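This report covers one contact between two chains and a few individual residues. The sequence and structure come before the notes.

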Number of protein chains: 8
Amino acid sequence: MTLLEEFRAGRISGEKVLHAFQAAPVADLGFARVDLHRSLRKGFPEVIFGEGKTCEQVAEIAMKIVQRDHRLLVTRIDAEHARAVRKKLPKAVHHQTARCITFEKNPLRPRPGTIAVLAAGTSDLPVAEEAAVTAQIMGNKVERIYDIGVAGLHRLLNRLEAIQSAHVIIAVAGMEGALPSVVAGLVNKPIIAVPTSVGYGANFGGLAALLAMLNSCGSGLTVVNINNGFGAGYAASQINALAAGELK
Amino acid sequence: MTLLEEFRAGRISGEKVLHAFQAAPVADLGFARVDLHRSLRKGFPEVIFGEGKTCEQVAEIAMKIVQRDHRLLVTRIDAEHARAVRKKLPKAVHHQTARCITFEKNPLRPRPGTIAVLAAGTSDLPVAEEAAVTAQIMGNKVERIYDIGVAGLHRLLNRLEAIQSAHVIIAVAGMEGALPSVVAGLVNKPIIAVPTSVGYGANFGGLAALLAMLNSCGSGLTVVNINNGFGAGYAASQINALAAGELK
Amino acid sequence: MTLLEEFRAGRISGEKVLHAFQAAPVADLGFARVDLHRSLRKGFPEVIFGEGKTCEQVAEIAMKIVQRDHRLLVTRIDAEHARAVRKKLPKAVHHQTARCITFEKNPLRPRPGTIAVLAAGTSDLPVAEEAAVTAQIMGNKVERIYDIGVAGLHRLLNRLEAIQSAHVIIAVAGMEGALPSVVAGLVNKPIIAVPTSVGYGANFGGLAALLAMLNSCGSGLTVVNINNGFGAGYAASQINALAAGELK
Amino acid sequence: MTLLEEFRAGRISGEKVLHAFQAAPVADLGFARVDLHRSLRKGFPEVIFGEGKTCEQVAEIAMKIVQRDHRLLVTRIDAEHARAVRKKLPKAVHHQTARCITFEKNPLRPRPGTIAVLAAGTSDLPVAEEAAVTAQIMGNKVERIYDIGVAGLHRLLNRLEAIQSAHVIIAVAGMEGALPSVVAGLVNKPIIAVPTSVGYGANFGGLAALLAMLNSCGSGLTVVNINNGFGAGYAASQINALAAGELK
Amino acid sequence: MTLLEEFRAGRISGEKVLHAFQAAPVADLGFARVDLHRSLRKGFPEVIFGEGKTCEQVAEIAMKIVQRDHRLLVTRIDAEHARAVRKKLPKAVHHQTARCITFEKNPLRPRPGTIAVLAAGTSDLPVAEEAAVTAQIMGNKVERIYDIGVAGLHRLLNRLEAIQSAHVIIAVAGMEGALPSVVAGLVNKPIIAVPTSVGYGANFGGLAALLAMLNSCGSGLTVVNINNGFGAGYAASQINALAAGELK
Amino acid sequence: MTLLEEFRAGRISGEKVLHAFQAAPVADLGFARVDLHRSLRKGFPEVIFGEGKTCEQVAEIAMKIVQRDHRLLVTRIDAEHARAVRKKLPKAVHHQTARCITFEKNPLRPRPGTIAVLAAGTSDLPVAEEAAVTAQIMGNKVERIYDIGVAGLHRLLNRLEAIQSAHVIIAVAGMEGALPSVVAGLVNKPIIAVPTSVGYGANFGGLAALLAMLNSCGSGLTVVNINNGFGAGYAASQINALAAGELK
Amino acid sequence: MTLLEEFRAGRISGEKVLHAFQAAPVADLGFARVDLHRSLRKGFPEVIFGEGKTCEQVAEIAMKIVQRDHRLLVTRIDAEHARAVRKKLPKAVHHQTARCITFEKNPLRPRPGTIAVLAAGTSDLPVAEEAAVTAQIMGNKVERIYDIGVAGLHRLLNRLEAIQSAHVIIAVAGMEGALPSVVAGLVNKPIIAVPTSVGYGANFGGLAALLAMLNSCGSGLTVVNINNGFGAGYAASQINALAAGELK
Amino acid sequence: MTLLEEFRAGRISGEKVLHAFQAAPVADLGFARVDLHRSLRKGFPEVIFGEGKTCEQVAEIAMKIVQRDHRLLVTRIDAEHARAVRKKLPKAVHHQTARCITFEKNPLRPRPGTIAVLAAGTSDLPVAEEAAVTAQIMGNKVERIYDIGVAGLHRLLNRLEAIQSAHVIIAVAGMEGALPSVVAGLVNKPIIAVPTSVGYGANFGGLAALLAMLNSCGSGLTVVNINNGFGAGYAASQINALAAGELK
């Protein structure tokens, strides 16, 4: 409010105040409003999408973020990227299956409520792990429930209690993508369905699973893009943060 | 063998024998071999596909078949077609939901083994009934198990025994088409999956269900065209006939 | 536990106990577990999808539900259906734009937190209203924010505060489907994107908007099927119920 | 039944019995029911899909299966995988064209009835061989009938007798995928059509053949996913086992 | 050449000659060259595509053509169009199945060589007849060979001689579109394949047949658009005219 | 006819004659009829599709064909294949751009009439050359007219006379595939349109050009598969052979 | 600036000033910036898309616009809509082919430079006319050049001068959509290509023409949605206004 | 006019004059008309598309163009190509991100008016830079405005003034492709939308962004092919040249 004080004190003209405000709104808008966003993702305002970036680029951006923030998430990286980042930031963790790098200066206490990450088959694990790692670094407890594809219903039913007691469920499946539909009939919590490109032939890079999930007859189910583990982890975290009363 | 006798008797030339044989093979081939096909579909060598045919056309073809054979199956008809056929053939049965007409001069004793026809939702019934009616008129016992979509798993599991005890299973589903996949994990019998065009939005006229079924991770599952209840009933009957030792 | 007592008393055999248990799990599973689902949708365990059903069918199912439950939701109906239901149930409300019928014996007090339903254009209103009516009958306060397509950004920004203060946001858009992406950059709450089939040419019945939403660069965004206002309203209600601490 | 005896003897409480049963049903369900499945695939409860797995992973899983079971099938492997497996299991057979590895401790006597595997062109052989090898390791006699594409009808007709005398027919074809349609008109046995991705241009990775097979005017024909030789071999084996009276 | 004479006579300037020539080339090009086209389609330089035109429009254009030319072809018309044309031109012929109208002032003697028009099923007849009528009015003898779908190979083989003796073959088929492929293996004449939209489910309006024909392994086969009987008839006539030595 | 003589002489039974004939038709059919095909492609009954074959395989098949026939055509090969073939068959010609190998023992005199091969851009040359080489080895004179894409209409018009004087025209184009349409308006000869996969973005591997050609408003135009230069060359040769009076 | 004066005078608090400014930017942004848009479309800030609106709705919105503005454009209407509007606004003009209604209180003098609207076939006229009517009501001279499809190149070349002298060219075509490509090679002005849904078979509702235009090898060509005559007219007008120095 | 003089002098026949003119029109047409095109692209009549060409080919064509013209543009090249060209033409500039090479003998003064090139994300830069480099070498001032994706609206609004003051806007975006729609609502200048293939999953190589842009509800927006930066730069330059009064 110093600008106005300066104006009242006669040190600056009214025109100058006006110009300052005219220039400001957009930035203000940006910060005042978009900033609210930070209540959720405090500590890592930017997530690095590693694919298509060189090792140097990833390492450099990572260092910049770490100078400013307490947490770091890099997705879609390979072993080379991980080595490059860990050279500069030795405490960074490389999640091999998830193809992610994370780093936390001082780990937060996770918020109450778990996010269950379900995967139909072992080939779906990279996507499931990307979702799990994302949800964890964003401050959530994660329960991994893997290898419960619908062709072996008993394995799914065996883990039902763990699934039912989660706050939010992420269901990852390739091929025919039936897992989220079956789960939706067994629980009453929000389910985020993630189709994967696992499969061959008329799978068309995950299209079969995507269409199946969009057409699910199960209620309470929403869908993210094919292989988008990060998007599912982020959305689940946001729902869990809302449930924890964090988001205003 | 008279032709050869005639030849030996010198009443016809060798050239004539040759020409007769050269002309014959194709027809012979047609009858001798294709005819074997009749062992399965005895009594109704031709099935009438009613869609796009006028009432008169359907009635006329139906009468021709009945003069020659003991059984009749007309698919994809509406009430008008049914009236037209039943005017000429009062004992013909109109299966309203299945949109079929059947007629049998003297009902056959069904072969052993049942064919279970499963349907996920009530909107899938026309296709399921087309499959059931087809399988029945071809001489099979049919067990209808409807409204067992995967979103209500308990309803499916409640009927598991009936499903498991069938010889062949036809699983009909629209929307995400997950039913056959789930069933495939619970039984060890041949399953014929039938996608239906039930659904909306990104269903694309049954494409979602079709792709899901083709990409099923369940073993022992084969697929027919969207809404092709007849094809499923026919194939199931063929498998059951093979199991009954009828096909040579 | 009486079964075991009977057994210990020697009144029934051990085999009988075993059979009872073997038969039980499935039914138990069905009821004990799936039933939890009712905590959310108390009063209307079944939603009627009106499309493709006759007026009589809709009215009859509606009466059955009302005898058992306190609330009723029928979606995808036209004026004819509405008349048929209101003849039997005069207090039922016909939501014309939403193409829905609702009925409540004694209206519940809505849970805290609002669900904001956003629509890009006036042609998207039927889908937006379906979402809004669904969310309301499921016990939520709904804030409708319509005609805020991205081609007129100032209209969207003018309503930003209302959008930001909601618990959950449903963003409905046809054509290029950009609304959810833009909103995702301005709020930190869960956003459910609903593509509509509004448009022409290379719109392909809503595919353009669906793909845009699945590929959104905005975080925290999940997607439902084309025109699936009901699914969005249901999922949003589930998230809001979780936030209200109702779901266990 | 010992649990109940223990209970009657007063050694355990009724509550403990209840808990045991409550915990059991799912597993029981799994084993009691899914286990029936083993009557067909006795000796190899799990098939390894090699694609995307490292040599070490394949070899390790293979050894685990062999410790427990009498037969082994690994599909979609290359020469490297084969070497890795045969290093640990020298008697394993590498089927080069089929890209499969099989192993049998003591070969079973094949069940009666042959499965005919037909292939249209030489490029379709990898898929055809995958089907053939699968059917053989599952206990069936297999008759390979290759290079009988419809453009050379005489080659197909020359082998007609062998085709007609099989119990089940697997028809593998790429390009325009016409082989199963033509065969369906000549035999009265179940036909499983397998589209392959062989072709170029508007073939779209096998889509042309897949659509042709789904739209076939031949009766008794069902379809599996593009290149899914294993699925076809498995389903054919299941049908043949049913015909042999093995499946209950 | 009068222009040049006028110039030499000094009656017009050289500039005028130049302008005339500069203006001329385009028109000349049009007439001198495009006109050669008329050697084939003498008597009906324009074919009327009736679909989407009113009865009055069709009748009027038809009369204009008849005033100028000896032959008339109108395609894609219904009974109403036919009545309107025959009112003004009583000798016009309405080909009901072909949905065409033709008229010839004095019938031409057909050129040598027949064009065989093959159709797989009875539903393909409208397209086959459009091709046949087109080929006839363009001066060719046509041999119709219908109902020879590949599911009944003997019917096709029975007519082989007639097919083999034609100059050009038009093969019309819907569903899986296999007929042209099979025929291509049996003859050594140019084959024009015409996919039809006959079918349902994953037929996608003829796409299945179109892809099958484009991917045919049969040599000497070219394809026209779905349902484009006219295009096939025209191209076949052009080939036959070339064979008759008419085209220079 | 010796069989019949033997029979008349009493040296074999009538049954034996019958069996021989029953066995024969198929083979006879194959040879008697399919063989007619050789009148066109005399000297190279089999064309080798090199793609996916090893150098050894190609060289071996090539040698077998050359032992039996006077001409050889191998398509879709690379430099390695060419070296392997020429090592065994030094006089074989490697057509680099066309990716073909040809060999003729004693070159035939080409039949009258030229086949014009048109290409829109320089990237279309591999496909155009495959067509040209195919047409030449099959006994036709070929006129290559390249780089005449519709964006430079004057280049096309400059070569119009050569195009118009050909017997058959092959028009090869990628991207928007407009060349055949424009040519169809300028000539009255059969045109075979060949779409190529040249392009990027929404080209979808040649689909754009394929659809354009199928939807061409130009008459007398038929289409082959994407990049199918061989198919176009073969079909053009067949038409030219018909025009030359060779095909009966 | 009064707000600041009030503040300096101590009549309002600094906080109030801040809130006012924080609230203001968005609205200001909306009006100050978006308003610039009106320099182009002065007099008709809103265009009514008639499709899917009732006659009453269209008439009512039209009257509201006319009260405020000098010009009116309604697109995608039928005769019923036109009657309803002209009842209230007798001087409104119904453009039948264009399916548009326009109204101008006092016609503007068109800006310099013409917009040429080209159409390939007569079936493309509704879309071409929509473009032409749009461009005219927005203040441009329009030259209509119709029936110049590429199959009759001479007609196009005959009109070349008129095409070349336009400022902006709108090229409308269905079927293979080749017109814009050919025109792009002949002129050096901006070309807006409009695909139409005219055609059948593998046209897929205009997709063939759309892809052809997107893949055009002609430079300077941009594309709008299928059948989007309005969009083309609007964009062309904008370019012409820029050329006239109107847009700042 | 010497030809006519020769004729008048009797040195050549009238027939010779006629033939000369008949031969001439096409060439004349080509040069007289197509040449007008050079007024825009003065100095580089041919742009080299580097993809798929060898280093030698690119370098050779580049040298030929430079001998004849003052400017050179090579697109879609890699570092190898650049080295090869710069070896022969050391002053050529390699634009790494744009994957282009340019060369100017004596730089032109840019025409008035800027072209703003907008890019949504950093991955879109190669396409944006291709557009920018193209527009610059064609004589335009270019303003690059990058990293303004709609998920961070404040960044876009911050640059609004620069965007609004441009003559033509090129908006490049992948993923959901929403940028051009949002910009279209904020400016009144021609916008050329360029979809990029940036994204994954249901992005389908840029199809999602392409469809979004074609379906944009923003007016004045036209679209080029996926990744077609060159096409956008060329079209924008053409519009700007028109605005500068250069094109006649």
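## A buried serine in chain A

The model is predicted. Ser216(A) sits in the loop that runs between α9 (207-214) and β9 (221-223) of chain A. Its relative accessible area is 13%, and since buried means under 20%, Ser216(A) is buried.

Leaving aside residues up to four places away in sequence, Ser216(A) touches Ser181(A) and Leu221(A), and also Met175(B) and Glu176(B).

## How chains G and H are related

The same surface serves both copies, as 100% of the contact residues of chain G recur in chain H. Chain G gives 40 residues to the contact and chain H gives 40 residues.

## The interface of chains G and H

The size of an interface is often given as the accessible area lost when the parts come together. For chain G and chain H the buried area is about 3,400 Å², with 62% of it on carbon and sulfur atoms. Zero salt bridges are found across this interface, while eight residue pairs are in polar contact between chain G and chain H, both residues being at pLDDT 80 or more.

On the side of chain G that touches chain H, the elements giving two or more residues are α2 (14-34), α7 (160-164), α9 (207-214), β9 (221-223) and α10 (229-243) of chain G. The largest share comes from α10(G), with seven residues. By residue class, this side of chain G divides into 24 nonpolar, 12 polar and four charged.

## Two arginines with positive phi

Arg76(A) is not a glycine, yet has a positive phi of about 50 degrees. Arg76(A) is found in the loop between β2 (71-75) and α4 (79-88) of chain A. With a relative accessibility of 9%, and the limit for buried being under 20%, Arg76(A) counts as buried.

In chain D, Arg99(D) has a positive phi of about 55 degrees, although this residue is not a glycine either. Arg99(D) belongs to the loop between β3 (93-95) and β4 (100-104) of chain D. The relative accessible area of Arg99(D) is 28%, which makes this residue partly exposed.

How values were computed
Residues are numbered from 1 along each chain as its sequence is written. Chains are lettered from A and ligands numbered from 1 in the order in which they are written. This is a predicted model: local features need pLDDT of at least 70, side-chain atom pairs count only at pLDDT 80 or more; totals for chains, interfaces and linings use all residues. Side-chain values use heavy atoms; hydrogens and water are left out. Helices (H or I, at least four residues) and strands (E, at least two) are DSSP runs, numbered from the N terminus. Buried means under 20% relative accessible area, exposed over 50%, partly exposed in between (1.4 Å probe, protein chains only). Contact means heavy atoms within 4.5 Å. Buried area is the accessible area (1.4 Å probe) that two parts lose on being put together, summed over both. A salt bridge is a side-chain nitrogen of Lys or Arg within 4 Å of a carboxyl oxygen of Asp or Glu. A polar contact is a pair of N or O atoms within 3.5 Å; within protein, one must be able to donate a hydrogen and the other to accept it, and residues adjacent in sequence count only if both atoms are side-chain atoms. Ala, Val, Leu, Ile, Met, Phe, Trp, Tyr, Cys and Pro count as nonpolar, Asp, Glu, Lys and Arg as charged, and the others, Gly among them, as polar.
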